[in-house]
Amino acid sequence: EVPAVKLYEDDDTLAFLDIHPNHRGHALVIPKHHFENVYGLPAETVCRLALTSQKLAVAIKNAVDADGINIVMNNESAAGQIIWHSHTHIIPRKNEDGGYLGAKYTYVAGEMEEIAEKVKKEL
């Protein structure tokens with residue numbers, strides 16, 4: 001329900017850029033049906049999330065010229081979950097970028113849309 005810059009959508013999943021990214025190009029992949037976290041995800045949904053996450057990882061890596069990618073899912077407060085709908089983070093990384101925990105990136109106007117177009121071309 002919150003405005004988003006969508007990267008990808010299929011029957012089961014939706015991917016969009018994170019509005020509070022750790023690094024430029026940080027995206028989220030969510031299942032379309034509600035599950036609070038990994039514990040309740042049906043195996044088929046886990047597979048769909050993994051397939052979409054892999055597809056997005058390749059596209060984002062190429063689109064933002066990343067040196068690597070983190071794929072992360074936080075489950076429960078102790079693990080950093082603050083949104084209570086299961087999702088994976090696709091976090092592009094650069095060598096020597098200082099890590100992703102706690103680091104935050106701020107987009108300039110129009111940058112999210114520019115990255116989204118690059119990712120979509122890679123897909």
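In the predicted model, helix H2 (111-122) lies across strands E1 and E2 and runs at about 35° to E1. Helices (H or I, at least four residues) and strands (E, at least two) are DSSP runs numbered from the N terminus. Such angles run from 0 to 180 degrees between N-to-C directions, with axes fitted as lines to C-alpha atoms, for helices over the stretch in contact; contact means heavy atoms within 4.5 Å.

An open sheet is formed by 5 strands in the order E1-E2-E3-E5-E4, with antiparallel pairing; two strands pair if DSSP finds at least two bridges between them. E1 and strand E4 (68-72) are the edge strands, each pairing on one side only. On average, neighbouring strands of this sheet are turned by 20° against each other, direction ignored. E2 and E3 run antiparallel and are joined by 5 bridges. In E3, Ile-30 stands opposite Leu-14.

The largest nonpolar core has 22 residues, of which Leu-7, Leu-17, Leu-56, Ile-60, Ile-90 and Val-119 touch the most other members. A nonpolar core is a set of buried Ala, Val, Leu, Ile, Met, Phe, Trp, Tyr and Cys residues joined through side-chain atoms within 4.5 Å, where buried means under 20% relative accessible area (1.4 Å probe, protein chains only). At least two residues of this core come from each of E1 (6-9), E2 (13-17), E3 (27-31), H1 (43-64) and H2. H1 supplies the largest share, 7 residues. Apart from neighbours within four places in sequence, Ile-60 is in contact with Leu-7, Gly-25, Ala-27, Asp-65, Ile-69, Ile-90, Pro-92 and Val-119.

Residues are numbered from 1 along each chain as its sequence is written, and side-chain values use heavy atoms, leaving out hydrogens and water. As the model is predicted, local features need pLDDT of at least 70 and side-chain atom pairs count only at pLDDT 80 or more, while totals for chains, interfaces and linings use all residues.

Note on methods:
Buried means under 20% relative accessible area, exposed over 50%, partly exposed in between (1.4 Å probe, protein chains only).
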